[in-house]
Amino acid sequence: MKKLPLKPIRMIGTGYDHSGKLPPQDIATEEAVIGAMLQDTKCVGDVCSIIGSEDFYKESNKMLFITIRSLFNEGKAIDFITVVTELRKRDELVNVGGPAHIAELTRIVAGTGNVEVWARYLKEMGIKRNLIAIGTRLVSDSYDNSVDTFELLDRINTISSIVDTTIGG
């Protein structure tokens with residue numbers, strides 16, 4: 001019986017990967033960051049300098065972040081009304097939970113003073129998910145005899161160089 005190589009996949013509807021583990025994520029923190037960005041436009045630039053859309057695990061939060069960042073980059077106001085209007089234009093309002101959900105996000109945050117700490121935490125979760133994906137791919141390719149061993153070593157060296165640069169090593 002032929003063994004199929006392991007591939008990094010998400011099991012549809014569960015959020016779990018092929019190992020049965022939930023990837024590193026914190027939905028409550030994602031929502032707190034979005035809520036803070038909606039409450040206080042001054043923190044949007046700081047948050048965007050720390051994280052990107054890839055650091056969000058939940059797709060609807062990722063879409064909200066992309067919309068807020070887009071409005072910020074265009075120099076437009078960021079608040080409940082402008083975000084809902086922009087999402088409606090993009091035909092994505094229902095996909096993020098609708099106006100009621102966005103309004104709730106503004107209510108769940110008591111203050112924005114820790115938003116940079118929260119953003120750094122989300123960045124860490126995103127990095128961990130990325131490392132898991134890279135490691136899983138390397139393991140899978142290591143079992144594949146058609147993949148050149150020295151190509152794998154080159155990939156590992158490249159990844160190591162990127163990590164060293166990212167963390168200032």
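A salt bridge, as the term is used here, is a side-chain nitrogen of Lys or Arg lying within 4 Å of a carboxyl oxygen of Asp or Glu, and by this rule the chain has 11 salt bridges. The structure is a predicted model, in which local features need pLDDT of at least 70 and side-chain atom pairs count only at pLDDT 80 or more, while totals for chains, interfaces and linings use all residues. Residues are numbered from 1 along each chain as its sequence is written, and side-chain values use heavy atoms, with hydrogens and water left out.

**Overall fold**

The chain has seven helices and zero strands, and its pattern, read along the sequence, is α-α-α-α-α-α-α; helices (H or I, at least four residues) and strands (E, at least two) are DSSP runs, numbered from the N terminus. Of the 169 residues in the chain, 36% are buried, where buried means under 20% relative accessible area, exposed means over 50%, and partly exposed lies in between (1.4 Å probe, protein chains only). The chain exposes about 10400 Å², of which carbon and sulfur atoms supply 56%; accessible areas come from the Shrake-Rupley method with a 1.4 Å probe, and for residues only the protein chains shown count as cover. Among the contacts (heavy atoms within 4.5 Å) with a separation of 6 or more, 58% are between residues 24 or more positions apart.

**Helix 1 and its surroundings**

The axes of helix 1 (residues 27-39) and helix 5 come within 7 Å and cross at roughly 85°, which makes helix 1 roughly perpendicular to helix 5, a label that covers angles of 65 to 115 degrees, whereas those under 35 count as roughly parallel, those over 145 as roughly antiparallel and the rest as oblique. Helix 1 contributes Glu 31, Ile 34, Gly 35, Leu 38 and Gln 39 to this contact, and helix 5 contributes His 101, Ile 102, Leu 105 and Thr 106. The axes are lines fitted to C-alpha atoms, for helices over the stretch in contact, and the angles run from 0 to 180 degrees between N-to-C directions.

Thr 112 is placed in the loop between helix 5 (98-107) and helix 6 (115-143). Thr 112 is buried, with a relative accessible area of 19%, and, leaving aside its neighbours within four places in sequence, is in contact with Ala 36, Gln 39 and Asp 40.

| Salt bridge | N to O distance |
|---|---|
| Lys 58 and Glu 31 | 3.6 Å |
| Lys 123 and Glu 54 | 3.9 Å |
| Lys 123 and Asp 55 | 3.0 Å |

Lys 58 is partly exposed at 30% relative accessible area, whereas Glu 31 is buried at 17%.

Lys 123 lies in helix 6 and Glu 54 in the loop between helix 2 and helix 3, so their pair ties together parts that are 69 residues apart in sequence. Asp 55 is in the loop between helix 2 and helix 3, 68 residues apart from Lys 123. Lys 123 counts as partly exposed at 25% relative accessibility, and Asp 55 is buried with a relative accessible area of 3%.

Elsewhere, Arg 137, Asp 141, Glu 151 and Arg 155 are linked in a network of salt bridges.
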